[in-house]
Amino acid sequence: YLVSAGISLYRFILMVIFSSGIANRVKRRPLFIATAIAMAIGNFVIATYFMLRRDVEFTESYPFVKWAPVIGIIVIYTAFAMGYGTVPYMLQGEILPPYARAIGAGILVFISNISMFIAAKLGPTMSDIIGTDGAFYIFSCVAVITTIFAYFTMPETFNLSLEEIEKIYQ
């Protein structure tokens, strides 16, 4: 309970205060790619912990391994707050043309929330079918795929006017 409270405190105080200013001072594309890699690493750490936890001798020999999920969760929360969760919402306001911005942003937020709902509902089922480690390995792979996709398709819009961004897409 103490670790859970500590993570919540970390997420609330540090991430809410510091993450709001970072995305406005750093280029969006590299920030998103770096935080997507961090998301993959955090999920990979948690998945590896659950895989290693099956070996009782290993966990007894290395008791510090029990902290791996906490570290993984902190990495995931940090990466999400710093860019993985914020950059897409920043980009939708910059990339969508003015005449379609309201409806387009609404559709994108709707799709995002449906995706989060599906992921939350499928998580326990995936854990039952392929194990908790398998589920987190899949989440890690999705973050890697997102990184690759962003590398090849995400435009850099930092310090560009809306007219300059529009010229990218003409």
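How many of the 170 residues of the protein chain count as buried? The share is 32%. Buried here means under 20% relative accessible area, exposed means over 50%, and partly exposed is in between, with a 1.4 Å probe and protein chains only.

A word on what we are looking at. This is a predicted model, where local features need pLDDT of at least 70 and side-chain atom pairs count only at pLDDT 80 or more, while totals for chains, interfaces and linings use all residues. Residues are numbered from 1 along each chain as its sequence is written, and side-chain values use heavy atoms, with hydrogens and water left out.

Now the fold. The protein chain has seven helices and zero strands. In sequence order that reads α-α-α-α-α-α-α. Helices (H or I, at least four residues) and strands (E, at least two) are DSSP runs, numbered from the N terminus. The C-alpha trace spans about 60 × 35 × 25 Å along its principal axes. Next, contacts, which means heavy atoms within 4.5 Å. Take those in the chain with a separation of 6 or more: 77% of them join residues 24 or more positions apart.

On to helix H6, residues 101–153. How far apart are its end C-alpha atoms? Only 20 Å, for 53 residues. A straight helix would reach 78 Å at 1.5 Å a residue. That expected span is 1.5 Å times one less than the number of residues.

H6 has a list of buried residues. Among them are Gly104, Ala105, Gly123, Met126, Gly131, Asp133 and Gly134. Further along, Ala135, Ser140, Ala143, Thr147 and Ala150 are buried as well. What covers the buried residues of H6? The cover includes helix H2 (28–52), helix H4 (68–84) and helix H5 (87–95).

Turn to H5. Its buried residues are Val87, Met90, Leu91, Gln92 and Glu94. Their cover includes H2, H4, H6 and H7. Let me pick out Gln92, which sits in helix H5. Gln92 has a relative accessible area of 14%, so it is buried. Which residues does Gln92 contact, leaving aside its neighbours within four places in sequence? They are Arg101, Ala105, Leu108 and Val109.

Next, the largest pocket. About 1,600 Å³ of space lies in it. Its lining has 41 residues, and the closest to the pocket centre are Met39, Phe80, Tyr84, Ser112 and Met116. Helix H1 (2–22), H2, H4, H5 and H6 each give two or more residues to that lining. H6 gives the most, with 17 residues. By class, the lining has 31 nonpolar, nine polar and one charged residues.

How is that worked out? On a 1 Å grid over the protein atoms alone, a pocket is an open set of points with protein on both sides within 12 Å along at least five of seven lines, and lining residues have an atom within 4 Å of a point. Grid points are joined across faces, edges and corners, and the volume is the space filled by probe spheres set on the points. For the classes, Ala, Val, Leu, Ile, Met, Phe, Trp, Tyr, Cys and Pro count as nonpolar, Asp, Glu, Lys and Arg as charged, and the others, Gly among them, as polar.

One backbone detail. Asn159 is in the loop between H6 and helix H7 (162–168). Its phi is near 60°, a positive value in a residue other than glycine. Is Asn159 buried or exposed? At 67% relative accessibility, Asn159 counts as exposed.

Ile13 is in helix H1 and, at 36% relative accessibility, is partly exposed. From Ile13 to Ile165 is 152 residues along the chain, and their C-alpha atoms are separated by 34 Å. Asn113 lies in H6 and is partly exposed at 40%. Asn113 and Ser61 are 52 residues apart in sequence, and 42 Å apart in space, C-alpha to C-alpha. Lys167 is in helix H7. Its relative accessible area is 61%, so Lys167 is exposed. Between Lys167 and Val144 there are 29 Å in space, C-alpha to C-alpha, at 23 residues apart in sequence.

Notes
On a 1 Å grid over the protein atoms alone, a cavity is a set of points where a 1.4 Å probe fits but cannot get out, and a pocket is an open set with protein on both sides within 12 Å along at least five of seven lines; lining residues have an atom within 4 Å of a point.
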